[in-house]
Amino acid sequence: MQRNPNHTTIVTVEKVIEETPTVRTLVYSDDVMPNVLPGQFAMVWIPGVNELPMSVMISQESGKAAFTVRKHGAASTGLFNIQPGQKIGIRGPYGNSFDIKAGKLLLVGGGTGLVPMMRLITNLTPSHDVTLLIGAKTKDEVFFEDLANQLLKDNKHQVLVSTDDGSYGENGFVTDLVEKLVSENHFDGVYVCGPEKMMYKTVQSAHSRGIFVQASLERMMKCGVGICGSCCIGEDLVCHDGTIFDGEHLSKNKEFGYFHRNKAGILENY
Ligand SMILES: Cc1cc2nc3c(=O)[nH]c(=O)nc-3n(C[C@H](O)[C@H](O)[C@H](O)COP(=O)(O)OP(=O)(O)OC[C@H]3O[C@@H](n4cnc5c(N)ncnc54)[C@H](O)[C@@H]3O)c2cc1C
Ligand code: FES
């Protein structure tokens with residue numbers, strides 16, 4: 001019988017991988033999450049703490065999936081501190097998925113925005129020519145570089161890292177690298193997930209040149225299923241109508257890149 005995505009399923013975290021001092025990957029066994037579409041997310045219940053939206057991370061072990069969490073406030077720190085043997089609740093998967101174009105692709109991930117990019121990579125074919133850009137604040141916060149190279153070993157590919165402080169890879173914001181690459185190369189598709197200002201600039205760089213571009217938006221989510229309205233961006237509900245939107249659609253949205261709603265639903269500047 002098919003599982004109801006709106007019912008919380010309890011899973012046991014089996015393994016915790018330390019990616020950086022502030023980022024960990026929690027691996028668990030499940031029937032549904034290992035096979036979600038690239039870009040889909042789950043609502044993750046951290047018992048006694050809160051429930052958070054999380055992109056579903058791949059696992060290289062069959063029958064397993066993962067969440068890769070950066071510790072921030074109380075909820076994400078609660079998830080970050082989960083130990084092997086402890087239980088979490090999951091519901092979903094929710095959201096649409098990337099429209100994968102043939103040919104030469106540019107993938108851009110900032111921080112945990114790399115999680116949907118890893119699953120996108122596993123859905124590519126060997127004929128895809130892939131450039132993956134990893135954006136991080138500093139060398140200590142770079143992760144998934146080796147994993148990406150390993151996943152892309154059968155593809156023509158390059159994995160480039162940029163750090164804001166220049167301590168590793170290119171010096172500067174990843175969006176500067178995006179602008180350089182799209183101005184010097186032809187791409188058939190650009191895919192981005194990360195901080196919204198980063199996504200905004202990436203969408204601008206690609207869309208202004210007529211390149212197909214999609215961004216996976218991360219907005220405040222409470223229900224995850226289109227009821228509460230906390231994730232709205234203009235007329236769109238990110239959880240229900242996205243999370244992935246085309247550059248063409250986003251270029252008409254007056255909130256994208258400029259305003260977001262806080263936990264009380266109040267519009268704030270980025
Ligand atoms: C679709 C989606 C996928 C995500 N995937 C990941 C992921 O793979 N890994 C990861 O570490 N984080 C992911 N996030 C972000 C994550 O849900 C939290 O925003 C983040 O962990 C901080 O939460 P906090 O309550 O600990 O922080 P707080 O300090 O309480 O909040 C910090 C900021 O986090 C954001 N935030 C807080 N609660 C929520 C919420 N319920 N929904 C959305 N944003 C919130 C707000 O911008 C807030 O200002 C995702 C968010 C979305 C919407
Ligand atoms: S999170 Fe409730 S409507 Fe999107």
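**Ligand 1 and its shell**

The shell around ligand 1 takes at least three residues from each of domain 1 (9–94) and domain 2 (104–269); the domain bounds come from an automatic or database domain assignment.

Visitor: What kind of model is this, and how are residues numbered?

Guide: This is a predicted model: local features need pLDDT of at least 70, side-chain atom pairs count only at pLDDT 80 or more, and totals for chains, interfaces and linings use all residues. Residues are numbered from 1 along each chain as its sequence is written, while chains are lettered from A and ligands numbered from 1 in the order in which they are written.

Visitor: Which residues come nearest to ligand 1?

Guide: Pro53, Gly73, Ala75, Ser76 and Thr112, out of 20 residues around ligand 1. A residue is near if its C-beta atom, placed from the backbone, lies within 6 Å.

Visitor: Which element gives the largest share of that shell?

Guide: E4, with 4 residues. Strand E4 (50–55), strand E6 (64–70) and helix H1 (74–80) each supply at least two. Helices (H or I, at least four residues) and strands (E, at least two) are DSSP runs, numbered from the N terminus.

Visitor: How do the shell residues divide into nonpolar, polar and charged?

Guide: 10 nonpolar, 7 polar and 3 charged. Asp, Glu, Lys and Arg count as charged; Ala, Val, Leu, Ile, Met, Phe, Trp, Tyr, Cys and Pro as nonpolar; the others, Gly among them, as polar.

Visitor: Switching to the whole chain. How many helices and strands?

Guide: The protein chain has 7 helices and 18 strands.

Visitor: And what does the C-alpha trace span?

Guide: About 50 × 40 × 40 Å along the principal axes.
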